[in-house]
Amino acid sequence: MIDKSERTVFTITAIVIMLFVFSLVYAKTTRKIDLPECLPYDKAYETPAVKQIDDSLYQVYAVARMWQFEPAQIYIPVGSTVDFFLTSKDVVHGFDIYEKNVNMMAVYGGINKTTVKFDKPGVYKITCHEYCGIGHQNMQSEVIVNYPDAK
Ligand code: CUA
């Protein structure tokens, strides 16, 4: 026999879970927000890199460590889509791209991936938003989109 208050808790829990699942589906479909994914670990991601896949697609292997991101500057042409693959060499770091809907964690031994499209030229700061020690506030890098001295 289930107590009435227990049933209430079950009902509320079910509603909250349904809301959560709905918001994920809504973000993915209607809002077209690319949800971060976890990928199987591969040593290759520990080497910072910017790779051009085709005219408008790039892959960035971003490596966080105390207290910097590598690569520190990423140059891409306007209209590019970038797949970010993120890992950490030491503690947990944050990865927030200014004006973009990106909020990831860099975790040692793990790879997180997200995809971002850069439709407007500018300098997009990437900052660490997870306290990671004495140099935390200096942890930054940037995506430079169609900057005058871009290659
Ligand atoms: Cu890395 Cu804060």
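Reader: Which residues make the nonpolar surface patch of about 450 Å²?
Author: This is a predicted model, in which local features need pLDDT of at least 70 and side-chain atom pairs pLDDT 80 or more, while totals for chains, interfaces and linings use all residues. Residues are numbered from 1 along each chain as its sequence is written, and side-chain values use heavy atoms, without hydrogens and water. A patch takes residues with over 30% relative accessible area and no salt bridge, joining nonpolar side chains (Val, Leu, Ile, Met, Phe, Trp, Tyr) within 5 Å and like charges within 9 Å, a salt bridge being a Lys or Arg side-chain nitrogen within 4 Å of an Asp or Glu carboxyl oxygen. The members of this patch of about 450 Å² are Ile17, Phe20, Val21, Leu24 and Val25.

Reader: Is Val21 buried, partly exposed or exposed?
Author: Val21 sits in helix 1, residues 4-29, where helices (H or I, at least four residues) and strands (E, at least two) are DSSP runs numbered from the N terminus. Buried means under 20% relative accessible area and exposed over 50%, with partly exposed in between (1.4 Å probe, protein chains only). Because its relative accessibility is 44%, Val21 is partly exposed.

Reader: Which strands each supply at least two residues of the lining of the largest cavity?
Author: Among the residues that line this cavity are Ala62, Val63, Phe69 and Glu70, together with Pro71 and Phe95. A cavity is a set of points on a 1 Å grid where a 1.4 Å probe fits but cannot get out, and lining residues have an atom within 4 Å of a point. At least two lining residues each come from strand 3 (57-65) and strand 4 (68-70).

Reader: Where is Trp67, which a cis peptide bond joins to Met66?
Author: The bond between Met66 and Trp67 is cis, with omega of about -10°. The place of Trp67 is the loop between strand 3 and strand 4.

Reader: What is the phi of Glu99?
Author: Most residues other than glycine have a negative phi. Glu99 lies in the loop between strand 7 (93-97) and strand 8 (102-106), and Glu99 is exposed because its relative accessible area is 62%. Its phi is positive, near 70°.

Reader: What distance separates the C-alpha atoms of Ile111 and Gln137?
Author: Ile111 belongs to strand 9, residues 111-118, and counts as buried because its relative accessible area is 2%. Gln137 is 26 residues apart from Ile111 along the chain, and their C-alpha atoms are separated by 23 Å.

Key: Areas by Shrake-Rupley, 256 points an atom, 1.4 Å probe, with all protein chains shown as cover. 1 Å grid on protein atoms, 1.4 Å probe; cavity = no way out; pocket = protein on both sides within 12 Å on 5 of 7 lines; lining within 4 Å.
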